[in-house]
Every structure is written in C-alpha cells, then in structure tokens.
Amino acid sequence: MPLSKRIQRSLLALVLVSAWTGSFLRAAPPGTMDYVGSAHWTRAQDIEIRGTLAYVAFINGLGILDVSDVKRPVKISQLFLGGGYAVAVRQDLAFVAAGTKGLNIVDISDPKSPVLKSVLPTTGEAREVIVDGRYVFVAAGDQGLLVVDAENPSSPKLIGQWDSPGEGLSLAKRDGFVYLADGSAGLAVIDVVQPSGPKLLGTLDTDGTAESVAVIDRYAYVADGASGLSVVDIGIPSVPKKVRVLEASGYAHSVSADGRTLCLGSLYDGGYQVFDISAPDAPILASTNKYTMYNEGWRVVVSGTFATVVDYFSGLFFVNIAEPKKPVPAGTFFTPSSIVATAAQDRYSYSVGELSGLQALDLSDPAHPVSTAGTAIFRGVQSLTVAGGYAYVTDRWSVRIFDIADPAKPRLATVWNMPSGVPRAIVVRGPWAYLTADNAGFFVLSLENPRAPKIAGSLSLGGFTYGLAVSGDYAYLANSDSGLHVVNIADPAAPVEAGGLKLEGEPSGVAVRGTLAYIASGPAGLIVVDVGRPSVPKTLGKLAAGDFASAIALAGDFAYMADGNAGVKKIDISDPAGPKLVASFDTPGQAQSVTTSGPLVLVSDTHSVIIVK
C-alpha cells in the first residue's frame, strides 16, 4: 500500500535531520555557548550604496545587498557582529558603529564573504561613523566624539576624544570640522585639524534633541526631535547661529542632504519629507510621504536624485526624488518587524513576530540558515508551536493554524477566534490542543479536524495565565499572579486543578520533565519545582535572572532560559536543588522565547532568530 505524500515527506525529513544532527554539529562543551548562525534580521539602521552594492548596518551586524536591480534587492551576505547602528565604506573596508560592541572593521573585498578584521572597544555606544582618509570619527554616545587612526585596519588606535556634555548620536564632517549632534546638548562644532587633539569651537543648544546633522555649504541642518528641523548658520564655526526652525511630520530623527535637496526622516508615523534647499537658509517643503503601515523614518540617505529610507520596522525603501513633489518608489527590501517566538521540526524552524507573518527556515546548514517561505503579515502575535503538518500561532484574538506539510509553502488553514481572554501559549498533543488565555484561564481544544477546532473543556483561573507545559495526564500552567497550577487533563472535557504553588517573581514560562517543573519566573529567574505529588508541589531550587526570565527549554542535563536583555542562559540542572549557570550568550535584542533542535538552541530575541550550541 503506497505511503501518503505527507508521510513520505516526514520520513525523508527524518532521514535528513538525523544525518544533519549527526554529522554537521557536535554538542558544545558543557561550559560554553557558541554562536552558530542567525536569520530574520530586523531593524536596519543605516545604509551606504557603492555601485551595485548596498552595505547595511542592522542591529545584528552588517548585511550586503545586490541592488543592481533596485526593484528586487537581493541579500548576498551578512556578518553577525552583535550590534550595528551605522556603516561607512572605504575601498575594501566597512566601518561599523556597533553600539556596545564598539567600532568593527570588516574586510569586504569579497562581498559574498565579509570577514571581521578588527574590533576597537568603545566605552560609550558607537552610534555613527565617518571615514576620512586614515581617520575614523565615531559618535560614541555619552563619550562624545572619538577619533581613530585606522591606517592599519587590523590594529586601529584611538588617538583623540572630545567628551561631550550630551550624547553623541550623529556627526558630519567638512574641512577640518566635525559637527556633532549631541542629543539634549544640541549641536557641537569641533576642530579636528589635529585629529589627535579635537577641540571644541562652538555649541548651539537647540530647542529639542539633536538626533542627526547634515552640512551643506555654510549651513548645518539638525533633525531636532520633537522640535523639528533646525537650520543653523555655521559660517563662523565658533559661533553657530540658529536661523530657522521648520515643523516636522513626526519626531525628527534623521536628516540627509545632497546638492539642493534635503530629506528628513521622522518617527511616530512621520515617514519622510523632501525639502528644496535652493535657498539654503530657507528650506521649502516639497512633499511629505508615507509608505507603509508604521512609517518610522529611522534614517534617510540622499545621493543625487535617489534616496533610501531606512524604516525602523519594515526595512529599506528606495525612492527616486528627481521630482521632489512626487517621489517615485523604486524598490523595497523588507525586513521582519519583530521575532517573538520560534519552533522547530525536523530540519526546519518556524518563526513569528509582530507584522512578520510565519517565516520558515531551512537549517540544513545552521551557520547559514536559508529562508524558504513566508506568509502574509498579521498582528498581535503571542506564541507558536509546531506539531505534525501544522503550525499553530496565537495572536491577541485567535489561533491561526497553518498547513506546513510543504515547508516551502505554508498556507493558512483556518483562524479560530477566541471566545474570551487573550490566547497565549499553545501545546498540541495528538488530537488535543491545550491553551492558556490570560485571565480566562485554560482551554482544551479538540483537533479531530485541525481546520475546525472546537472547545472540549476549560478551567477558569484568576490572574494572568501565560506559560504552559503538558506531560502525561497533567498540564502545568505558569500564572504571573498566583504561580504554578497543576491541572489534571485525564478527561479533556473536564480539566480539574490538582494542585498549585505560589511563586515569587512573575511566572511566564514552564517546561516539565518527569517529576520536575522548571519555571521561568520573570525577575526571579529559574525556579525548580517538585511535582511528583501534584497536589502538593514544592520548590527545590532557584537561580536568579539577569533581567527577565520568560521561557525555558530542556536538553539533557541543561535548561536554556530566555532572559530578556541578558540574552539566553545555559543552566546545569543535574542537581535540581542547586541549578548552576554555566554559560550565557548576550543576544542583540531581548530574548523572549527559546527552543532546542538536536544540538542547536534557537532563541527569538525580538530582532532575529539566534542559533547557538
């Protein structure tokens, strides 16, 4: 009797994933956690286009795009750096201002395979970078302006600094002067004729928060936050004078100018604006432009009659501004808005996020995960699980069920609307789905027909019920107000609470193995509970969080904890009464969920999927 296509695919996937886990990777040593790869990068920050290549600073690192056909930009490589706010290119080198990771210098002689050449740590956050010959100028947050000699890019040297009173966020350079957007302190003009001894020449305390600066002729244009666009006369650099302030369409965050055209990017649905600066001291608004749902014009970069808008949530928008009153979209490179949950099955992983849809990755080569498919975007995503040929996604209102029998073509099978509460965690076991729902408690759904779920039973609970694990005849619920609840689900139509335990912190996630439950309890970290007697669970051990523990995954003698801004933690649980931290990996974003797949640990950290081992 021939096998069904779904079973054939499953058997083939099992063979492939077995070969992959056995030959590609070996388990990491017990006391380590090493970066393997990452995907679904969000938050592009800056772009520099050279010929047919675009160099993009992401919050995760450097991405290189082929823009020979700007209608269809193609990513050709990426290099994880752990940070990335801005990028500047000089010949075969890219200089990346990588936030807390300092100044990173990357060899881009082979765009398909960029190589990190050196890292210069900075005490402040590296936020902006400009290269002029052998010298690199870095806006370094609360450390102001840094001057670096990069004549030997393998060994850059900090040779000068001007410690600003504000927060160095952006800079422009003309002749022997650097113009620093210094946050709340406004605009600073710094003499760098002698790069090793930068000297303050003059300052102007703008009305708002100086976020970005561009210079044309004798004028500096400052994106001044809530105060809009400030025009500053810098004809006498030691005495900058504000000559005009123009209202922005939102919170003015970025400014760029070339020739007689200026673009201003604004946050809070501000989009971007195009100004005619034929009269440099009196810009004239030509157009205000919205282009996507959020319109967060994080950065704009103008070059001749071409502009690139870097949107905080949606990616890169390439625009022809030859006619400033009617900019013409030329191409788009979309990035996910966020990644909040990941699940794995066979050699594939699936991820979801706010306005990111369901995204699938082929992990055959975990160091270079390949995006295989994506669905239409949707909002309010809470969690994700994969079982059989289906992916189950909860959002604020419903459970979305996707057919993933063919991972390259996920298709929406149905949307089941929640009768009450906000659906949170979902676990699927055979013909049943178990679901937590905020203050509505706990639900059991019949999946006899996965395309038409039906409520089989429910249990009302006070407080907010988030995390969920199922083992045998019991469901284990993490309630942020009341702690751990143990529910007997032997009869799915009549779930009954068997026991509970009040816990410190904010219980958010739970994993169970045998008679032990491991709870991610927000600021209280990991709490290990003995549930051998469901009616009287008791605490065995604890391990403090670095930030906010939200999820737990188990593998062998280790627990992996998603710990918010502190990244992911590897915890030795061989002694449940004394869990011990053995390794950490600080992800660029906030680690929100974690799962394991063979020797890999997959972390959703808002800005990406991070793969470690």
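In this predicted model, His-607 turns up in the loop that runs between strand E55 (600-604) and strand E56 (609-612). The residue is buried, because its relative accessible area of 10% falls under the 20% cut-off. Setting aside sequence neighbours within four places, His-607 touches His-40, Trp-41, Thr-42, Arg-43, Ile-59, Asn-60, Pro-588 and Gly-589.

One of those contacts, Arg-43, deserves a paragraph of its own. Arg-43 sits in the loop between strand E1 (35-39) and strand E2 (44-50), and with a relative accessible area of 12% Arg-43 is buried too. The charged end of Arg-43 is placed over the ring of Trp-298, 5.6 Å from the ring centre. The backbone of Arg-43 also stands out: phi is positive, at about 55 degrees, even though the residue is not a glycine. Most residues other than glycine have a negative phi. Gln-91 is another case, a residue other than glycine with a positive phi near 50 degrees. Gln-91 belongs to the loop between strand E6 (86-90) and strand E7 (93-97). Arg-43 is buried, whereas Gln-91 is exposed, at 70% relative accessibility.

A charge over a ring shows up again at Lys-570, whose charged end lies over the ring of Phe-558, 4.6 Å from the centre.

Turning to ring against ring, the search of the whole structure gives 16 aromatic pairs. One of them joins Tyr-312 and Phe-313, with ring centres 4.8 Å apart; the planes meet at 75 degrees, which is over 60, so this pair counts as edge-to-face. Both partners are partly exposed, Tyr-312 with a relative accessible area of 22% and Phe-313 with 23%. Elsewhere, Tyr-272, Tyr-291, Phe-317 and Phe-334 gather into one aromatic cluster.

The largest pocket has a volume of about 1,500 Å³, and 49 residues line it. Nearest the centre of this pocket are Leu-384, Ala-425, Ala-551, Ser-593 and Val-594. The elements that supply two or more lining residues are strand E30 (341-345), strand E34 (383-387), strand E38 (426-429), strand E42 (465-471), strand E46 (509-513), strand E50 (551-555) and strand E54 (593-597). Sorted by class, the lining of the largest pocket holds 26 nonpolar, 19 polar and four charged residues.

Finally, there is Pro-114, in the loop between strand E8 (103-107) and strand E9 (115-120). Pro-114 is buried, because a relative accessible area of 10% is under 20%. Leaving out neighbours within four places in sequence, the contacts of Pro-114 are Ile-64, Ser-77, Leu-79, Val-106, Asp-107 and Ile-108. Met-293 lies 179 residues from Pro-114 along the chain, and the C-alpha atoms of the two are separated by 33 Å.

Methods: Residues numbered from 1 in each chain as written. Predicted model: local features only at pLDDT ≥ 70, side-chain atom pairs only at ≥ 80, totals over all residues. Heavy atoms only, no water. Phe/Tyr/Trp six-rings, centres within 6.5 Å; stacked < 30°, edge-to-face > 60°. Buried < 20%, exposed > 50% of the residue type's maximum accessible area, 1.4 Å probe, protein only. Lys NZ or Arg CZ within 6 Å of the ring centre and 35° of its normal. Helix = DSSP H or I, 4+ residues; strand = E, 2+ residues; numbered from the N terminus. 1 Å grid on protein atoms, 1.4 Å probe; cavity = no way out; pocket = protein on both sides within 12 Å on 5 of 7 lines; lining within 4 Å. Points joined across faces, edges and corners; volume = space filled by probe spheres on them. Nonpolar A, V, L, I, M, F, W, Y, C, P; charged D, E, K, R; others polar. Contact = heavy atoms within 4.5 Å.
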